[in-house]
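Have the sequence and the structure open as you read.

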Amino acid sequence: MSRIGKQPITLPSGVEVTIDGVAVRVKGPKGQLEHRLVGDVSIAHDGDALNVTRADDTRSNRSLHGLQRSLIANMVIGVSDGFSKELEIVGVGYRAQAQGPNAIELSVGFSHTVRFDAPEGVTFEVPQPTRIVVRGHDKQLVGQVAADIRKIRKPEPYKGKGIRYAGEHIRRKAGKSAK
């Protein structure tokens, strides 16, 4: 039995779950998410908890059991609390400016500023010119948007300049040595 898959998903107050065959809809104060179950995995509503079960012990169902449970648990957490990723900008003159809650403008060493618009369900905060906080209710979308922002100017290994995740360690290389 899957250690993760057999754990029940507790539903906080204010979160509604609708199960319609293989479609699972989770609605809460932060928004609404939908997921389609894959494989021979089923979900049952048990009072204030959800239980994910698999039909048999085939290899594919075993591998999907814990995955489906984790995805649904992330949906429940997302619509109740939300997710966030923090990015740091390192470099002389590198900065970010908020253009409302749905866009940021980055000045990261190019001849022009780069405008990045947020997809629906994601908002940006710029508490400092060198910090960006990406917030949303969909964990996968928040992570993808943060990765796309980081991709604009990845941290380089010689001086460490660029956009990085908060707390990310960049391995530094030695530069040229003089003779």
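Which residue in E10 is the bridge partner of Ile104? It's Phe116.

A word on ground rules: this is a predicted model, where local features need pLDDT of at least 70, side-chain atom pairs count only at pLDDT 80 or more, and totals for chains, interfaces and linings use all residues. Residues are numbered from 1 along each chain as its sequence is written, and side-chain values use heavy atoms, with hydrogens and water left out.

Back to that pair. Strands E9 (residues 103–107) and E10 run antiparallel, joined by four bridges; two strands pair if DSSP finds at least two bridges between them. Six residues sit between E9 and E10 in this hairpin, and Gly109 in the turn has a positive phi of about 90 degrees.

The side chains of E10 (residues 114–117) alternate. Buried here means under 20% relative accessible area (1.4 Å probe, protein chains only).

| Face of E10 | Residues | State |
|---|---|---|
| One face | Val114, Phe116 | buried |

Zooming out, the protein has two helices and 13 strands, counted as DSSP runs (helices H or I, at least four residues; strands E, at least two) and numbered from the N terminus. Its C-alpha trace spans about 65 × 45 × 20 Å along the principal axes. Of the 179 residues, 35% are buried. As for contacts (heavy atoms within 4.5 Å), 51% of those between residues at least 6 apart in sequence join residues at least 24 apart.

Note on methods
Buried < 20%, exposed > 50% of the residue type's maximum accessible area, 1.4 Å probe, protein only.
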